[in-house]
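Biologist: I am new to this structure. Please take me through the fold, then look closely at one part of it.

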Amino acid sequence: MSTGRPIGIDELLEQVREGYERIGPQQAYDAAAAGALLVDIRYQALRERDGLIPGALVVERNELEWRLDPQGSHRTAEAVSHDLHVVVVCNEGYASSLAAASLHQLGLHRATDLVGGFQAWKAAGLPVAR
């Protein structure tokens with residue numbers, strides 16, 4: 001991915017997003033119903049303010065790789081294989097793109113993120129718990 005020159009965040013996002021297919025709110029909902037793991041990486045203040053996606057695993061961004069690496073010593077019980085279908089959810093769909101790309105580097109080849117993040121989920125009228 002390195003071009004030998006500094007790039008801005010917009011270009012970086014464009015590059016990492018080329019590596020996988022992002023999904024929308026309804027697709028994320030359907031994926032979860034089919035067994036995908038929704039992972040909410042928003043920080044606590046946003047979860048308290050806006051609510052939670054029922055059934056989503058909450059893992060703050062700074063712990064994500066340690067919790068989802070199937071080979072890691074600090075993995076969560078859900079991190080059972082590199083074939084796990086993971087949908088990363090941040091607040092608006094930016095940090096989740098970088099997080100999904102990082103999970104790809106760990107071998108989680110089915111990792112993706114939610115376009116528009118939690119805010120798109122909520123705007124689509126999908127379930128939110130307080």
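Modeller: Six helices and four strands make up the secondary structure of this protein, in a model that is predicted. From the N terminus, the order is α-α-β-α-β-α-β-α-β-α. The C-alpha atoms fill a box of roughly 45 × 30 × 25 Å along the principal axes. A compact globule of 130 residues would have a radius of gyration near 14 Å, and the protein agrees, with 14 Å. Buried residues account for 43% of the 130. Among contacts with a separation of 6 or more, 65% link residues 24 or more positions apart.

Now the close look, at arginine 22. Arginine 22 sits in the loop between helix H1 (9–17) and helix H2 (25–33). Its side chain reaches the backbone oxygen of glycine 93 at 2.8 Å. The side chain of arginine 22 also makes a polar contact of 2.9 Å with the side chain of aspartate 113. Beyond residues up to four places away in sequence, arginine 22 touches Arg17, Gly93, Ser97, Thr112, Asp113, Leu114, Val115 and Gly116.

The largest nonpolar core has 15 residues. Val39, Ile41, Leu64, Leu68, Val86 and Leu103 have the most contacts inside it. Strand E1 (37–40), helix H4 (64–68), strand E3 (86–89) and helix H5 (95–105) each supply at least two of its residues. Another core, of 13 residues, lies apart from it; Ala36, Ile53, Val87 and Leu126 are among its members. Leucine 68 has contacts that include Leu37, Val39, Leu57, Val86 and Leu103, leaving aside neighbours within four places in sequence.

How values were computed
Residues are numbered from 1 along each chain as its sequence is written. This is a predicted model: local features need pLDDT of at least 70, side-chain atom pairs count only at pLDDT 80 or more; totals for chains, interfaces and linings use all residues. Side-chain values use heavy atoms; hydrogens and water are left out. A polar contact is a pair of N or O atoms within 3.5 Å; within protein, one must be able to donate a hydrogen and the other to accept it, and residues adjacent in sequence count only if both atoms are side-chain atoms. Contact means heavy atoms within 4.5 Å. A nonpolar core is a set of buried Ala, Val, Leu, Ile, Met, Phe, Trp, Tyr and Cys residues joined through side-chain atoms within 4.5 Å. Buried means under 20% relative accessible area, exposed over 50%, partly exposed in between (1.4 Å probe, protein chains only). The radius of gyration is taken over C-alpha atoms; the globule rule is 2.2 Å times the number of residues to the power 0.38.
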